[in-house]
Amino acid sequence: MPSVTNNSTHTQTTTPVGQVDGLSVPRYAGHSTFARLPRIEDVPRHDVAVVGVPFDTGVTYRPGARFGPAHIRQSSRLLRPYNPALGVEPFARQQVVDAGDIAFNPFDIDTACTQIERGAYALIQDGATLVTLGGDHTIAYPLLKAINRVHGPVALVHFDAHLDTWDTYFETPLTHGTPFRRAAEDGLFVYGHSAHVGIRGSLYSPNDLASDAELGFQIVHCREFTRRPIDDIIDQLRQTIGETPLYVSIDIDVLDPAHAPATGTPEAGGLTSRELLDILRGFDGLNLVGADIVEVSPAYDHAEITGVAAANLAYEFVSLLAKKA
């Protein structure tokens with residue numbers, strides 16, 4: 001798809017254009033937009049833009065997340081117009097579009113991040129909200145920079161097996177393992193109102209946890225999900241977030257490999273897709289201002305297991321935004 005453009009105006013004068021009717025056109029036919037929604041150029045305005053960032057230059061193990069956005073779109077064909085869990089028709093309450101993919105330099109990380117920030121900001125500068133399909137986790141840094149230009153520092157809830165607050169990899173300061181260290185240095189999220197959720201697996205040293213603690217994240221370790229009710233964890237996160245504008249970043253490896261095999265750095269003992277969906281639904285009523293889903297590497301997928309999980313997570317974000325609207 002071409003580089004994105006912005007055609008958002010926020011005076012709603014027309015009924016939102018929704019999905020292609022799944023009872024008229026078979027699910028496996030037609031354009032492969034997210035949830036078979038209109039493209040950004042097909043409507044005069046939009047409230048929510050689903051955009052791809054097919055970037056994986058920052059990975060440290062398995063490559064292939066550059067193909068994630070297309071895979072998630074393909075896996076979203078079964079999404080329907082009513083979300084019973086949240087009691088909302090997400091495509092009827094707001095104009096949701098597929099904004100294509102942001103174009104960037106695939107060989108230079110710094111240049112790419114500048115271009116990703118510029119492309120994301122173009123989509124939200126007039127008041128729209130962004131749901132981003134990655135790409136590797138490096139992209140969270142320029143996305144947070146774009147979000148800050150509109151909303152200021154945010155409460156950041158980061159779902160991941162890994163902290164992603166290391167300083168460098170191979171003396172490179174910006175990779176998929178470092179975006180939230182860079183974001184902390186730039187003051188992009190609010191100290192004490194942000195959280196890592198689902199952390200597990202081996203570390204390089206005890207200093208990894210000590211260094212992360214200095215950045216003001218609360219940690220909900222993955223093992224807590226076997227010891228505490230989901231509602232208790234949701235309450236904890238809601239208290240941490242408070243009334244601060246909320247940005248959610250999901251590395252799909254927060255899910256157990258049984259639920260998301262297609263990712264670059266899989267770790268045993270993760271969340272189930274049901275647990276993660278329940279937590280997101282628990283954010284109903286909070287001031288969600290943006291979200292991303294990253295690290296889907298489709299070459300490792302089986303029967304679209306990972307793609308379907310990622311597509312449904314994006315659907316929950318769009319649904320939360322519809323409730324907010």
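Select G242 to start: this residue follows helix α6, and its phi is positive, near 65 degrees. Helices (H or I, at least four residues) and strands (E, at least two) are DSSP runs here, numbered from the N terminus.

The model is predicted, so local features need pLDDT of at least 70 and side-chain atom pairs count only at pLDDT 80 or more, while totals for chains, interfaces and linings use all residues. Residues are numbered from 1 along each chain as its sequence is written, and side-chain values use heavy atoms, with hydrogens and water left out.

**Stop 1: helix α6**

Now show the side chains of I230, I233, I234, Q236, L237, T240 and I241, which are buried. Buried means under 20% relative accessible area, exposed over 50%, and partly exposed in between (1.4 Å probe, protein chains only). Looking down the axis of α6, the buried residues fall within an arc of 160 degrees, so they line one face of the helix. The arc is that of the directions from the helix axis to the C-beta atoms.

Turn to the face of α6 directed away from its buried side, and D231 and Q239 are there as exposed residues.

**Stop 2: helix α7**

Select α7 next; its buried residues are L276, L277, I279 and L280. Seen down the axis of α7, these too lie within an arc of 160 degrees, so they line one face of the helix. They pack against β4, α6, β7 and α8 (305–324). Contact here means heavy atoms within 4.5 Å.

**Stop 3: the loop between β8 and α8**

Select S297, in the loop between β8 (288–294) and α8. Is S297 buried or exposed? It is buried, with a relative accessible area of 1%. Leaving out residues up to four places away in sequence, S297 touches P63, G64, A65, A262 and T263.

A303 is also placed in the loop between β8 and α8. Its phi is positive, about 55 degrees, although A303 is not a glycine. A303 counts as exposed, at 78% relative accessibility.

**Stop 4**

Go to F170, in the loop between β4 and α4 (179–185). Phi of F170 is near 50 degrees, a positive value in a residue other than glycine. At 79% relative accessibility, F170 counts as exposed.

Then select G134 and G135 and display the peptide bond that joins them: it is cis, with omega near 20 degrees. G135 lies in the loop between β3 (129–134) and α3 (140–151).

**Stop 4: E89**

Select E89, in the loop between α1 (68–75) and β2 (96–101). E89 counts as partly exposed, at 44% relative accessibility. Apart from neighbours within four places in sequence, E89 is in contact with P81 and Y82. Draw a C-alpha to C-alpha distance from E89 to G18: the two are 10.0 Å apart in space and 71 residues apart in sequence.

**Stop 5: cysteines**

Select C113, which counts as buried at 7% relative accessibility. C222 counts as buried at 5% relative accessibility. How many disulfides does the structure hold? There are 0, a disulfide being a pair of cysteine sulfur atoms within 2.5 Å.

**Last stop: the whole protein**

Clear the selection and show the whole protein, which has 8 helices and 8 strands. The radius of gyration is 18 Å, close to the 20 Å that the globule rule gives for 325 residues, so the protein is as compact as a globular protein of that length. This radius is taken over C-alpha atoms, and the globule rule is 2.2 Å times the number of residues to the power 0.38. Along the principal axes, the C-alpha atoms fill a box of roughly 55 × 45 × 40 Å.

Colour by burial: 57% of the 325 residues count as buried. Among contacts between residues at least 6 apart in sequence, 79% join residues at least 24 apart. With the surface on, the accessible area is about 13,000 Å², of which 52% belongs to carbon and sulfur atoms. Accessible areas come from the Shrake-Rupley method with a 1.4 Å probe, and for residues only the protein chains shown count as cover.
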